[in-house]
Amino acid sequence: MTDPIADFLTRIRNAIKAGHKVVEAPASGLKKDITRILYEKGYILSYKFIDEGPQGTIKIALKYHPKTKLPAIKSIQRISRPGLRRYAGVDEMPRVLNGLGIAILSTSKGLMTDKEASKENIGGEVLCYVY
């Protein structure tokens, strides 16, 4: 697998389209941080890190509206990829859905959203957009 982050996001996207309640993915430090950010911003219901085997897994409970059954994540897409890295400085920080969505960035101070990176006055690699 050349891009494990894209695989992780695709697993979440496919589970949402299929209407699944829980999705599992192989764990890594970066994927754990992305999961934590998605939970803090209210895009997923809960998560659990299972440390079995050499790599471990991440179990994510997806969030849906109780009445309409619409998912909390409308779109999750990879921006920077191994073939074409995308970086954003402080002055050209991306705005997802005019500020309603989030962009997850990998900075020198760890993973954070576009708004947190603007507050810290730091740029980085734009990993994905979520809305």
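The legends below describe close-up views of a predicted model.

**View 1. The open sheet of S1, S3 and S2.** Three strands make up this open sheet, arranged in the order S1-S3-S2 with antiparallel pairing. S1 and strand S2 (44-50) are the edge strands, each with a single partner strand, so one side of each lacks a neighbour in the sheet. On average, neighbouring strands of the sheet are turned by 20 degrees against each other, direction ignored.

**View 2. Pairing of S1 with S3.** Strand S1 (residues 22-26) and strand S3 (residues 57-62) run antiparallel and are joined by five bridges. Within this pair, Val 22 has Ala 61 in S3 as its bridge partner. Pro 26 of the pair stands opposite Thr 57 in S3.

**View 3. The two faces of S1.** Strand S1 has one covered face and one uncovered face. Val 23 and Ala 25 belong to the covered face. Val 22, Glu 24 and Pro 26 belong to the uncovered face.

View 4. Helix H2 (residues 29-40) lies across S1, S2 and S3. H2 runs at about 155 degrees to S2.

**View 5. The hairpin of S6 and S7.** Strands S6 and S7 form a hairpin, with two residues between them. S6 pairs with strand S7 (residues 110-113) in the antiparallel sense, over four bridges. One of the paired positions is Thr 107, whose bridge partner in S7 is Gly 110.

**View 6. S6 and its pairing with S8.** Strand S6 (residues 102-107) is mostly covered, with five of its six residues buried. S6 and strand S8 (residues 124-130) run antiparallel and are joined by five bridges. Ile 104 stands opposite Cys 128 in S8.

Definitions and conventions: Residues numbered from 1 in each chain as written. Predicted model: local features only at pLDDT ≥ 70, side-chain atom pairs only at ≥ 80, totals over all residues. Heavy atoms only, no water. Buried < 20%, exposed > 50% of the residue type's maximum accessible area, 1.4 Å probe, protein only. Pairing = 2+ DSSP bridges. Axes fitted to C-alpha atoms, helices over the stretch in contact; angles between N-to-C directions. Contact = heavy atoms within 4.5 Å.
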